[in-house]
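Hi there,

I am passing a structure on to you, and my notes follow below it. Please have a look at it before you read on.

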Amino acid sequence: MVEALGISLTEFIFYLINFLILVGVLGKFLYKPFLNLMDTRKQSIQDALENAELTNRRADEKMQNYNKRIARVEEEGREIVREAKVKADAQARTIIEDANQKAADIMAKAEQSIEREKEKAMEEMRQEIAALAVLVAEKIVEREIQRVGQEAIVDEVIRQARSKGWQN
């Protein structure tokens, strides 16, 4: 069969030995470094994947921490708003109570002032009536001397009082 190809058996053996030497040399100098290069590449890819996974876990942990912080901050914000509302309501109640108290004080002072004015007016009326009575008495006595009727005296006193504005 080797002779059918046009080469002799010795040539075939020589080619075979050269081929085996070539395979051995290539295997030693190229195949093993190629396998080492592939193993190194495989290991670097594996390390990069592990590093990426570790980085993802750290990022997830940080994200959870940030979410917890955000939740705490939001809760603190709601608590601050709640406290501010309670303080505002309390302050509003205090202001309303103070206003009601001031209004009650003003009303009491107004009532006292009205009562004083009423008493003053009553006193002035008593004095006017007393002065009027004295004037009527004077006129009656004066008319009595002149013998004029009491009705004319009273009418004259009233007329004089009106013209003078009920004063002495």
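Which residues make up the largest nonpolar core? L132, V136, I153, V157 and A161 do, five residues in total. A nonpolar core here is a set of buried Ala, Val, Leu, Ile, Met, Phe, Trp, Tyr and Cys residues joined through side-chain atoms within 4.5 Å. Both α1 (9-146) and α2 (150-164) supply at least two residues of this core, and α2 gives the most, with three. V157 is in contact (heavy atoms within 4.5 Å) with L132, L135, V136 and K139, leaving aside residues up to four places away in sequence.

Please bear in mind that this is a predicted model: local features need pLDDT of at least 70 and side-chain atom pairs pLDDT 80 or more, while totals for chains, interfaces and linings use all residues. Residues are numbered from 1 along each chain as its sequence is written, and side-chain values use heavy atoms, without hydrogens and water.

Now to the whole chain. The chain has two helices and zero strands, taken as DSSP runs (H or I of at least four residues for helices, E of at least two for strands), numbered from the N terminus. Of its 168 residues, 6% are buried; buried means under 20% relative accessible area, exposed over 50%, and partly exposed in between (1.4 Å probe, protein chains only).

Y15 counts as partly exposed because its relative accessibility is 47%.

Happy exploring!
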